Each structure stands twice: as structure tokens, then as C-alpha cells.
Amino acid sequence: MTGRLEICGDQTERYRTFMKEIEDLEPEARDAKLWEKMVQHQGTRFYTAKKLQFTYMIRGGELFVDRKSKSITQSTVFIAFHKALELEGIVAGPKKLGTFGASYLYPVFMRLGVIRPESQLSFDMGNCPDAQEIT
């Protein structure tokens, strides 16, 4: 860590917006809303916690990351999503999601507002394009 803290200006708002969108939905409708948002963000550049750039494409019920040969199934995405909801959006890193492909799902969930910004102290500029650096 460099001793500097980067904060994300509208990440909190993304979290609040997403939670408001799904708060009155049944579980299946919540899953559908997440998948819809993931479809909208396919092709977007993301960065893993180790600063590896990736994009993903969705075909059918599978998410294909350009850095992997195996796909992440829709059911795996939903398991990770339910875990993030269970933790009330405070997920202290990809491993806490506990699923295959978590290192790719975590930054996507950050961008979509599934995970709260308090989950990590330092935000990657790629996952939070409006980040501000504070010294």
C-alpha cells in the first residue's frame, strides 16, 4: 500500500441505487435484475485486485472472461450475489464471495453497486473511474 487512500465519489450512490432497485423484488427478480445489469456492462474494462485487466461477454447463461478458458455459470454468479447480499454488501475481498471466478465477479459487483465501497480501503481506478486520490 502506498500510504494514500483513494475514494470513489459515486460508489456509495451506486450501492444505494442498486439496493433501492431490488429492495421490493422477489429473489428470482433480484437475480434477473443483476443479470440484466451484467449484460449491459459486458465489454467494459475491469481490473482484478491484482490489477489484471479483463472484460467479459455473456452467452446464454454463462459469463466468459477474456483471461480464462472456463466460463462462470449464471448460477455461480447468483451464489456470489446472494453471499454479497447476506453480508449486506460489505465484502472484504473476492475470497469472501466463496465461488469460482470470484476474482472477476468482485470488481464487477463493485462497479454495479452490489458491494459497498467500505468493503475495501483502496479503490482501483479501473473499477472506480471517478476515484479521487486523497493524501
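Read from the N terminus, the elements of the protein chain line up as β-α-α-β-β-β-β-β-α-α-β. That amounts to four helices and seven strands, all taken from a predicted model. The protein chain has 135 residues, and 41% of them count as buried. As for the reach of its contacts, look at those in the protein chain with a separation of 6 or more: 60% of them are between residues 24 or more positions apart.

Helix packing comes next. The axes of helix H2 (residues 27–40) and helix H4 (residues 102–112) come within 11 Å of each other, with a crossing angle of roughly 100°. In other words, H2 sits roughly perpendicular to H4, since angles of 65 to 115 degrees fall in that class. On the H2 side, the residues that make the contact are Leu34, Lys37 and Met38; on the H4 side, they are Leu105, Val108, Phe109 and Leu112. Sorted by class, this contact of H2 with H4 is made up of six nonpolar residues and one charged residue, with no polar ones.

Now for the charged side chains. Side chains of opposite charge can pair when their charged atoms come close. The structure holds four such salt bridges. One of them joins Glu21 to Lys33, with 3.9 Å between the closest N and O atoms. Glu21 belongs to helix H1 (residues 11–22) and Lys33 to helix H2, so this pair ties together parts that lie 12 residues apart in sequence. Glu21 is partly exposed, at 31% relative accessibility, and Lys33 is also partly exposed, with a relative accessible area of 22%. With buried meaning under 20%, the 22% of Lys33 puts this residue in the partly exposed class.

Lys33 turns up again in a salt bridge with Glu36, where the N to O distance is 3.8 Å. Here both partners sit in helix H2, and because they are three residues apart, about one helical turn separates them. Glu36 is partly exposed as well, its relative accessible area being 40%.

Lys83 counts as partly exposed at 28% relative accessibility, whereas Glu86, with a relative accessible area of 57%, is exposed. Elsewhere, salt bridges with shared partners link Glu21, Lys33, Glu36 and Lys37 into one network.

Three of them make an open sheet, ordered E4-E5-E6 and paired in the antiparallel sense. The edges are taken by strand E4 (56–59) and strand E6 (72–73). Each edge strand has a single partner strand, so one side of each is left without a neighbour in the sheet. Strand E5 (residues 62–65) pairs with E6 over two bridges, in antiparallel fashion. At the residue level, Leu63 has Ile72 in E6 as its bridge partner.

Terms used. Residues numbered from 1 in each chain as written. Predicted model: local features only at pLDDT ≥ 70, side-chain atom pairs only at ≥ 80, totals over all residues. Heavy atoms only, no water. Axes fitted to C-alpha atoms, helices over the stretch in contact; angles between N-to-C directions. Parallel < 35°, antiparallel > 145°, perpendicular 65-115°, else oblique. Contact = heavy atoms within 4.5 Å. Nonpolar A, V, L, I, M, F, W, Y, C, P; charged D, E, K, R; others polar. Salt bridge = Lys/Arg side-chain N within 4 Å of Asp/Glu carboxyl O. Buried < 20%, exposed > 50% of the residue type's maximum accessible area, 1.4 Å probe, protein only. Pairing = 2+ DSSP bridges.
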